Amino acid sequence: MLGLAYPHVRDNLQERLEEVAESWDNLYRKAGEYKERLLQAERVQAYVSNCRVFLAWVNEMDTLLDSEEQARGILGTEQLCKHHDEYKCEIDKQRPKYEELRSAGNELRENTHVMSEE
């Protein structure tokens, strides 16, 4: 009824409706893009945190290996061999973590567009 009585109002309302719909679509699209950037940033931060933990372990193990003294006599040599075997076992147990970090880092580098240049 309103459109029949006031055709110019109807046209104006149609323009406003289209403007609102376009603004809503743009807002919804931008919110989705922002959410994706936040998720990417969260994945990167989790990766960096995991790297820090792993590197702390590597540095600790490196310090242990550097602190070993030269063997003196048969007993000293046997003790150093025992420590070496323990360290080697510990290092071997961490290999999957290293592989996981390397794989995750490559995946992030290839798939994370927001921070791939940083």
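Reader: What makes methionine 61 count as in contact with Tyr87, Glu90 and Ile91?

Author: Contact means heavy atoms within 4.5 Å. Once neighbours within four places in sequence are left aside, methionine 61 is in contact with Tyr87, Glu90 and Ile91. The model is predicted: local features need pLDDT of at least 70, side-chain atom pairs count only at pLDDT 80 or more, and totals for chains, interfaces and linings use all residues. Residues are numbered from 1 along each chain as its sequence is written, and side-chain values use heavy atoms, with hydrogens and water left out.

Reader: Which residues of H2 are called buried?

Author: Buried means under 20% relative accessible area, exposed over 50%, and partly exposed in between (1.4 Å probe, protein chains only). In H2, the buried residues are Gln40, Val44, Cys51, Phe54, Trp57 and Met61. Their cover includes helix H3, residues 73-111.

Reader: Why is leucine 27 called exposed?

Author: Leucine 27 has a relative accessible area of 52%, and the cut-off for exposed is over 50%; leucine 27 is therefore exposed. This residue lies in helix H2.

Reader: What makes up the largest nonpolar core?

Author: A nonpolar core is a set of buried Ala, Val, Leu, Ile, Met, Phe, Trp, Tyr and Cys residues joined through side-chain atoms within 4.5 Å. The largest one has six residues: Cys51, Phe54, Trp57, Met61, Tyr87 and Leu101.

Reader: How do you know that the span of H2 is close to the one expected?

Author: The expected span is 1.5 Å times one less than the number of residues in the helix. Helix H2 (residues 7-67) has 61 residues, and the expected value is 90 Å. From first C-alpha to last, H2 reaches 90 Å.

Reader: How many helices and strands does the protein chain have?

Author: Helices (H or I, at least four residues) and strands (E, at least two) are DSSP runs, numbered from the N terminus. The protein chain has three helices and zero strands, in the order α-α-α from the N terminus on.

Reader: Why is the protein chain described as more spread out than a compact globule?

Author: The radius of gyration is taken over C-alpha atoms, and the globule rule is 2.2 Å times the number of residues to the power 0.38. For 118 residues the rule gives 13 Å, whereas the protein chain has 31 Å, well over that value, so the chain is more spread out than a compact globule. Along the principal axes, its C-alpha atoms fill a box of roughly 110 × 20 × 20 Å.
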